[in-house]
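Here's a quick briefing for anyone opening this structure for the first time. Have a look around, then read on.

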Amino acid sequence: MADSRHISRREIIKRVGIAGAVATVPIDSLAQAAREPFETLTAAEGATLEAIVARLIPTDANGPGAAEARAARYIDRALGGFLAPFLVAYRGGLSGIESYARSAKGAPFTQLSAQDQDAVLTDVESNKGFPAAGLFFNVVLSHTIQGTFCDPFYGGNANFVGWDLLGYPGIRLTATANDQRMDVAPAPTHMSAYDFSMFSRKKANAR
């Protein structure tokens, strides 16, 4: 979000709780995967969610954000699985944001400028616009963080952009002497935990 936002990229990284230098990832180098149809949300709801997560962890000079990490895809899939209890809240909250955007800014949220989207989300964070707006903001923010920095197996952190942003090299089953050096950043493995045979790829109540 813009300078008026309450959540900065630095604060997001602190909330994730993973130490490491922020890596700069050239945005142009990221492969843009084809967008699959939403599995749980409608196309309109999904478009609103994608616009929201793109402002919560925006793309900037440090590299990609929640849009490139496909955080909205993570949330959509999870709403059909282990986040299913939040589905009613998402439907109401996304509708509430669209209605408030029209009344406050004169256009659907997805058609607003980044500045106006930030203004709407700042109001929502302050519990303005519709009932339980602030609670919904915190839920979406939490799930956006999950989707940006989760194991890619769950649908987010596409192309490992979230881990690269944090400087997290990925899972290692062994640590070499070079991995333990303090003056050299470990090379990223770009592997999901589920790429290792010791971890089961079967997940309960999730896709």
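Where is Pro131 found? Pro131 sits in the loop between helix H6 (114–125) and H7. This is a predicted model, where local features need pLDDT of at least 70 and side-chain atom pairs count only at pLDDT 80 or more, while totals for chains, interfaces and linings use all residues. Residues are numbered from 1 along each chain as its sequence is written, and side-chain values use heavy atoms, leaving out hydrogens and water.

**The big picture**
- The protein has 8 helices and 0 strands, counted as DSSP runs numbered from the N terminus (H or I, at least four residues, for helices; E, at least two, for strands).
- Of its 207 residues, 44% are buried, which means under 20% relative accessible area, with exposed being over 50% and partly exposed in between (1.4 Å probe, protein chains only).
- Take the contacts (heavy atoms within 4.5 Å) between residues at least 6 apart in sequence: 68% of them join residues at least 24 apart.

**Back to Pro131**
- Pro131 is exposed, at 76% relative accessible area.
- Gly92 is 39 residues away from Pro131 in sequence, yet their C-alpha atoms are 9.4 Å apart in space.

**Where H2 meets H7**
- The axes of helix H2 (residues 43–56) and helix H7 (residues 133–149) come within 10 Å and cross at roughly 75 degrees; axes here are lines fitted to C-alpha atoms over the stretch in contact, with angles from 0 to 180 degrees between N-to-C directions.
- That makes H2 roughly perpendicular to H7, since angles of 65 to 115 degrees count as such, under 35 as roughly parallel, over 145 as roughly antiparallel and the rest as oblique.
- On the H2 side, the contact uses Leu49, Ile52, Val53 and Leu56, and on the H7 side Phe137, Val140, Leu141 and Thr144.

**Salt bridges**
- The whole structure holds 6 salt bridges, each a side-chain nitrogen of Lys or Arg within 4 Å of a carboxyl oxygen of Asp or Glu.
- One of them pairs Arg55 with Asp118, with the closest N and O atoms 2.9 Å apart.
- Arg55 is in helix H2 and Asp118 in helix H6, so this pair ties together parts 63 residues apart in sequence.
- Both ends count as buried: Arg55 at 16% relative accessibility and Asp118 at 0%.
- Another joins Arg91 to Glu45, at 2.5 Å between the closest N and O atoms.
- Here Arg91 is partly exposed at 32% relative accessibility, whereas Glu45 is buried at 15%.
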